[in-house]
Amino acid sequence: MSDPQWWQRGVIYQIYPRSFQDSNGDGIGDLKGIEARLDALVALGIDAIWVSPIFPSPMADFGYDVADYCGIDSRFGTMDDFDSLLAACHARGLKLLLDFVPNHTSDQHPWFAESRASRDNPKRDWYLWRDPAPGGGPPNNWISDFGGSAWEWDEATGQFYYHAFLKEQPDLNWRNPEVVEAMLGVLRFWLDRGVDGFRIDVLWHMVKHADFPDNPPNPAWTPAMGEMFRVLQLHSTDQPEVHGIARDMRRVADGYSPERVLIGEIYLPVERLMDYYGRGAPEVHLPFNFQLIEAPWKAETLARLIADYEAALPPGGWPNWVLGNHDRPRAASRFGPEQARVAAMLLLTLRGTPTIYYGDEIGLAEVPIPAERVVDPRELNEPGKGLNRDPVRTPMAWDDGDTAGFTRGEPWLPLHDDWRTRNVAAQRGDPGSIWSLYRDLLALRRERAALHVGDWLPVECAGDILAYARRHGDERMLVVLNLGDRPQPFAIPEWAGELAVLLSTRGAGADPALLRADEGLILG
Ligand code: GLC
Ligand code: CA
């Protein structure tokens, strides 16, 4: 492979800005806070930060409801703070990615205020307005991802508007060329300021079927599931026209440089996901691959999904892997503290760009949220179905001082119980901590071309063992993971006979012929 870009060699770290570091004592993380912690991220060894939305927002969905795409919410700071953060990142060789939310705006965005003002407003068609169904009621059976009809009645103008998420998040009409132009202008605004790229929110949602037909019912739905799963989102997502828009966005990014990266948030089966690399013309550089979040933690399942994903990639398509994010269960809770370490080794030794979710490097698990402190609108709309995202968005713990060094005030969500010991300062001082394991994995990955750009080759999958090789030129490395909690024998392949153990998730004393319980090894 010739001359890989930083976004191919490097590792991305997701910051949920409310929860990373507060600088002014209001209990909410902010930009100055992020800047103050950059050196800790450099010490960890990541290459880029992606910051969830920081734009002016009524915070109905904690920033994913944007009221001004070209500003900074005062809770997070000022445009000067942003410029300072960007410069501080670049001074340290870190890249900064923003979160672009193009599918919908806030209902407080001036565009929507105009659009809802009257049927003949020039911006009426910037959103998706429809008459009631014959006989009244919503235009079709589409359901919001946060429960209830995806259509909201507007008394004043006598029509419904469509919202795939909250009613405070009306969907833009991307079939309208003025919307396309305005939003591409937003990308240019931030690219001109120097940002290194974007994570694009719900990219596969952006275009809907032009005729708004009913979605088919989901035969597998049960009342224990979220309402959104009642129907299959056949006509409301993943329409062919979305690819034209992804191509437009890519043209804008490429107009700056091949180092500006676009990452698409897309929850689709692998075959459909691959289309977002672009067939013919390029689309996003990295369509997020969420399979490690969703798959059962079994060697056989993982071996197959990795091989299938590798095989499905289009020519030139660069892989990527994600273990957690601000919407999905925490790795430490899914796998437990021991397997979370094995999962880190998997994430950081597969071929392709890994994304680390803040807190995973200290083994932060989901934090139980008392009913009176729940703030996630998804949980508030459909309580008790396990949909709450607050538990995976709790504050980062930096030290054992009061409120873990996160804030001088009251944290907006509770800290984890064991923050006095589970914090960055304590773990940096402990070579056996998960933070130290992440640092060692990141250092090895950076040092070895086989790990950051090499080929991936399956080696073995037997019992709880998942083994694969990474190869670059003459360099060969072997990764052997025991996904179970009992010791497992491993038959070292002949070609690897001379390799030494470089790293174990369980420290000294590793024997590649007999892995300890919950042990992962890298040989090279
Ligand atoms: C994405 C975000 C999620 C948000 C939703 C609506 O899935 O990751 O947090 O609620 O889009 O913007
Ligand atoms: Ca603050």
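Predicted model: local features only at pLDDT ≥ 70, side-chain atom pairs only at ≥ 80, totals over all residues.

Reader: Metal first. Which protein atoms are donors to the calcium ion (ligand 2)?

Author: The donors are D22 (OD), N24 (OD1), D26 (OD), I28 (O) and D30 (OD). They lie 2.3 to 2.4 Å from the calcium ion.

Reader: How are those donor residues spaced in sequence?

Author: The spacing is D-x1-N-x1-D-x1-I-x1-D.

Reader: Are N24 and D26 buried, exposed or partly exposed?

Author: N24 has a relative accessible area of 44%, so it counts as partly exposed. D26 is at 34%, so it is partly exposed too.

Reader: What sits on each side of β3?

Author: K95, L97 and D99 are on one side, and L96, L98 and F100 are on the other. Both faces are covered. In a regular strand, side chains alternate between the two faces of the sheet.

Reader: Which strands run alongside β3?

Author: Strand β2 (residues 48-51) pairs with β3 in the parallel sense, over 4 bridges. There, A48 has K95 as its bridge partner. Strand β7 (residues 197-200) also runs parallel to β3, joined by 4 bridges. On that side, L97 stands opposite G197.

Reader: And what unit do β2, α4 and β3 make?

Author: Those three form a right-handed β-α-β unit.

Reader: Helices now. Which residues of α5 are buried?

Author: In α5 (residues 110-117), W111, F112 and S115 are buried. Seen down the helix axis, the buried residues fall within an arc of 90°, so they line one face of α5.

Reader: Why would residues three or four places apart point the same way?

Author: An α-helix has 3.6 residues a turn, so residues at that spacing point the same way.

Reader: What covers the buried residues of α5?

Author: The cover includes β4 (129-130), β6 (159-162) and α6 (177-193).

Reader: Charges next. How many salt bridges are there in the whole structure?

Author: A search of the whole structure gives 38. One of them is D39 with R92, with the closest N and O atoms 2.6 Å apart. D39 is in helix α3 (residues 38-44), while R92 is in the loop between α4 (79-91) and β3 (95-100). They are 53 residues apart, so this pair links distant parts of the chain.

Reader: Is that pair buried, exposed or partly exposed?

Author: D39 is partly exposed at 47% relative accessible area. R92 is partly exposed as well, at 33%.

Reader: What about R351 and E310, buried or exposed?

Author: Both are buried. R351 forms a salt bridge with E310, and the closest N and O atoms are 3.0 Å apart. R351 is in the loop between α11 (331-349) and β11 (353-357), and E310 is in helix α10 (residues 299-312). The two are 41 residues apart.

Reader: One more pair. What does D402 bridge to?

Author: D402 forms a salt bridge with R420, the closest N and O atoms being 3.7 Å apart. Both are in the loop between α12 (377-381) and α13 (424-428). D402 is exposed at 61% relative accessibility, whereas R420 is partly exposed at 47%.

Reader: Which residues are linked in a network of salt bridges?

Author: D61, D327, D376, R389 and R393 are linked that way.

Key: Residues numbered from 1 in each chain as written. Chains lettered and ligands numbered in written order. Heavy atoms only, no water. Buried < 20%, exposed > 50% of the residue type's maximum accessible area, 1.4 Å probe, protein only. Arc of directions from axis to C-beta. Contact = heavy atoms within 4.5 Å. Salt bridge = Lys/Arg side-chain N within 4 Å of Asp/Glu carboxyl O. Pairing = 2+ DSSP bridges. Right-handed = clockwise from strand over helix to strand, strands pointing away. Donors = N, O, S within 2.8 Å, 3.2 Å for Na, K, Ca; no water.
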